[in-house]
Amino acid sequence: MKKKKIWNKKNLPLDIAKAENFGMLILALSSGICGILQIYAVSGFVNVALESIHKSLLNRHLLGTLFLLLLTVAMDWLAPRFSGILRQKAELKLVRQYRPRMLKKCASLQYIHVEQADSLDLIERVLKEPEKNWQDIYQAILALLKLFINIIGILIVIAGYVWWAAGVILLFCIPLFTFSVKGGKKNYQTQRDTSCYSRKYWYLDYVLNSRECLNERKIFGYTEKVNKQYADTYQEAFGIETKMQAFWAVKTKLSGGLSAIAALLIVITLIQPTLSGKISIGLFISLVNVVFSLTSQMSWGLSRNIDALVKGNEFCRDMRDFWNLEEEEGILEAPKYMNEIKKIEFKNVSFRYPGTDYLVLEQVSFRLNWGQNYAFVGANGAGKTTIIKLLTGLYKGYQGEIRINGKELRSYSPAEQKGIFSVVYQDFYRHALSFRENCEISDPCHNLSEEEMKKLTRQFDLQQTIENFPEGYDTLLGKIRKGGMDLSGGEWQKMAMLRALLRPAKVRILDEPTASLDPKMESEIYQLFQQMTKDSLTILISHRLGFAKLADQILVFEKGRICEQGDFEKLMEKKGIFYKMYEEQRSWYQ
Ligand code: ADP
């Protein structure tokens, strides 16, 4: 049975900006009431003014009615201004308090949601100005409340003179209302439809303009082709939006027409009671004024606010889905480091990625022992990185057992799991932070001493480069800001390895650490690897077999299975798959 998604009140921003929201409510209520008072203020003033003109004598009530009129006009003018200020304050509070809650949720999500296009689209939608969206909903409610007070007030006044005219107004409200509801839904659906396009053209924009892609852009000269793709994607998204705009234009014109007819009908019905003296000239003028302004508000205001509310409803649905995404329990806890890792065992592990129907690992079994270093080798797609994803707890839906120190991996807490491994990913991120900050992020709980940092930079042969930078260890790396200094590919790689070394985890994993390096740098990196292997259990993933020699044991993967295992000499003697692959690559190392 499908699990019903529910709202947890905690996930609504009800506790944030209470005072500001209350202030806006009071302003909306008073400006609604003020709209009614204005009918009498205008009517009173016109009547008194006409009488004064008629009698050529200044009526003593003239000033009083004028004052009342000015008061209602001032209120009408001031309320939206004050409300605007309060809205800004409320949005700021949401940015400070609600957005961090959402980001925390994102950081706690199960890995599967970070990989799936549906959940990625959802996350993108809800994270796009959530504070503005919440406030739009609240403002729409307040505007409708104000409109409702206005309509009810005017209906009561008009019904007092021509009862059926009130019915006519109500009748006209129904099509306007249904039209607006449909429009709102369509509007949000458009946003949904265009969100996958926008993600694509933002990415293409990055490829076209980012510094990271500059070299490839120049060498491959793909700018024109990617530009065309960008334009095509943009055009498709634009087409969907234009359709929506056309619908919106037709809708507003139709509602405008309907409202104008309604206003005319009401005014016509008020003429007779005015001629018979049942309605004063002042009241007639005031009502005509109010009816026209109200009907225009109904065509614009009602439509816009119901639209916003329906759109808001869709946003709430997205928000609820977002808050209902499964979290990884304890994922934000600080890592708990273990004192020793005696062994890691895979026992008949099989795995398929969620949403796929083929096994990427099939009955994989091996044992890794403390103090040894291992190389996982094999062609691309053989399943080496998948093993690391399982080991580091990114996917839990495997069959078989993964045991660490004899205990199943899934029964360790997330904090313990995090504390076991330190990984240098092949696509490690080049953080545009200072060298010091780049080191510190490897373990936020660890206070990195100056000495420790300098010792490691010396060890990694980075000391001279860093100390030559204008602000030494505090120089910003990368070129995203003025004054930033860039590192070479190999130096970034060393930085990533150094970061991994700073983490006191016992098992160190290097995933294709030299894929983008020249042979000299590659050899340097492997020497560093040897240093890293002291006092730990190290796994090196590589399809460069020359360096697999450094490992105590080599595990050869093919199509999701281990096909050979042993030390370098043994595998070469065996003259099997490893031997063949090595012979093919031999020339690289001569
Ligand atoms: P290797 O590291 O040996 O190059 P991987 O472990 O990355 O290989 O990939 C093994 C297989 O799993 C490949 O066929 C790859 O296409 C597939 N694969 C990897 N990641 C995913 C994913 N997130 N979803 C579906 N299939 C995947």
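**Exercise 1. State the order of the strands in the open sheet of four, and find its edges.**

Solution. The order is E2-E1-E4-E5, with antiparallel pairing. Strands (E) are DSSP runs of at least two residues, numbered from the N terminus, and two strands pair if DSSP finds at least two bridges between them. Next, look for strands that pair on one side only: these are E2 (361–369) and E5 (407–408), the edge strands. Inside the sheet, E1 (residues 343–351) and E4 (residues 399–404) run antiparallel and are joined by five bridges. In this pair, serine 350 stands opposite glutamine 399.

The model is predicted: local features need pLDDT of at least 70, side-chain atom pairs count only at pLDDT 80 or more, and totals for chains, interfaces and linings use all residues. Residues are numbered from 1 along each chain as its sequence is written, and side-chain values use heavy atoms, with hydrogens and water left out.

**Exercise 2. Describe how E9 pairs with E3 and with E10.**

Solution. Start with E3 (residues 373–378): E3 and E9 pair in the parallel sense over five bridges. Then take E10 (residues 561–566), which runs antiparallel to E9 and is joined to E9 by five bridges. Here leucine 555 stands opposite glutamine 565. The hairpin of E9 and E10 has two residues between the strands, and lysine 559 takes a positive phi near 45°.
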